[in-house]
Amino acid sequence: DGSKRICNFYKKKFNFIKVINNNKNLGVGYSRNIAIKAAKGKYIVFLDSDDNLLKNSLNNLEKFIIKKSSPDVIPIRYKKITFPQNNDKFIKDNLGQKNANNLIKYVMKKQIPFSDCWFFVVKRSFLSGHKIYFPNSRFGESEIFVAKIICYMKNFAIFKNKFYHKKDRLNSLTNSSDY
């Protein structure tokens with residue numbers, strides 16, 4: 001699909017970009033683990049191949065991280081076409097929340113989907129310190145990863161600015177029934 005060529009173009013343009021190319025499809029969990037281990041930055045942002053970050057999202061996130069004293073976990077604001085179309089209510093209801101247990105209680109009480117890794121920006125040292133990685137499975141890898149993040153997190157800050165656009169495609173892995 002030309003993605004390798006596009007990645008190499010940006011790698012030449014920005015020296016901080018590292019392109020990791022698997023010779024065969026190793027699965028999303030395995031590939032994300034390779035990237036987490038190769039990452040050098042302070043934070044990990046997950047971005048699925050068919051999604052995009054909104055304008056100025058990384059610049060605004062950097063300012064937020066500094067202002068909030070480098071939290072371990074940052075739930076971000078998203079929008080998408082399918083249910084739930086956004087997490088605005090979650091953001092509004094938990095913006096001042098500082099207690100991880102109260103956040104978990106809120107998620108459980110409201111029964112909202114809270115299982116996609118792209119919903120979070122995570123400090124790299126938090127992941128490595130707790131040995132949090134994705135299982136090597138075709139389905140459910142993100143749910144297990146997110147559960148571990150939530151169980152281990154002690155400090156977090158909710159990023160209220162618009163950040164992520166999830167583009168749900170009919171032929172994506174999420175909508176696949178190929179077990």
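**View 1. β4 alongside β6 in the sheet.** Strand β4 runs parallel to β6 (residues 162-166), and 4 bridges join the two. Lys-79 has His-165 of β6 as its bridge partner. Stepping back, 3 strands make an open sheet with mixed pairing, ordered β2-β6-β4. At the edges sit β2 (52-53) and β4 (77-80), each pairing on one side only. Pairing here takes at least two DSSP bridges between two strands; helices (H or I, at least four residues) and strands (E, at least two) are DSSP runs, numbered from the N terminus.

This is a predicted model, so to speak of local features takes pLDDT of at least 70 and side-chain atom pairs count only at pLDDT 80 or more, while totals for chains, interfaces and linings use all residues. Residues are numbered from 1 along each chain as its sequence is written, and side-chain values use heavy atoms, leaving out hydrogens and water.

**View 2. A nonpolar patch on the surface.** Here Ile-6, Phe-9, Tyr-10, Phe-14 and Phe-16 come together, with about 530 Å² of accessible area between them (Shrake-Rupley, 1.4 Å probe). Phe-9 belongs to helix α1 (residues 3-13). Its relative accessible area is 47%, so Phe-9 is partly exposed (buried is under 20%, exposed over 50%, partly exposed in between).

**View 3. A positive patch of lysines.** Lys-67, Lys-68, Lys-98 and Lys-160 form this one. Lys-68 sits in the loop between α3 (57-67) and β3 (73-75), and counts as partly exposed because its relative accessibility is 40%.

Key
Patch = residues over 30% accessible without salt bridge, like charges linked within 9 Å, V, L, I, M, F, W, Y side chains within 5 Å. Salt bridge = Lys/Arg side-chain N within 4 Å of Asp/Glu carboxyl O. Lys, Arg positive; Asp, Glu negative; His and termini not counted. Charge placed at Lys NZ, Arg CZ, Asp CG, Glu CD. Buried < 20%, exposed > 50% of the residue type's maximum accessible area, 1.4 Å probe, protein only.
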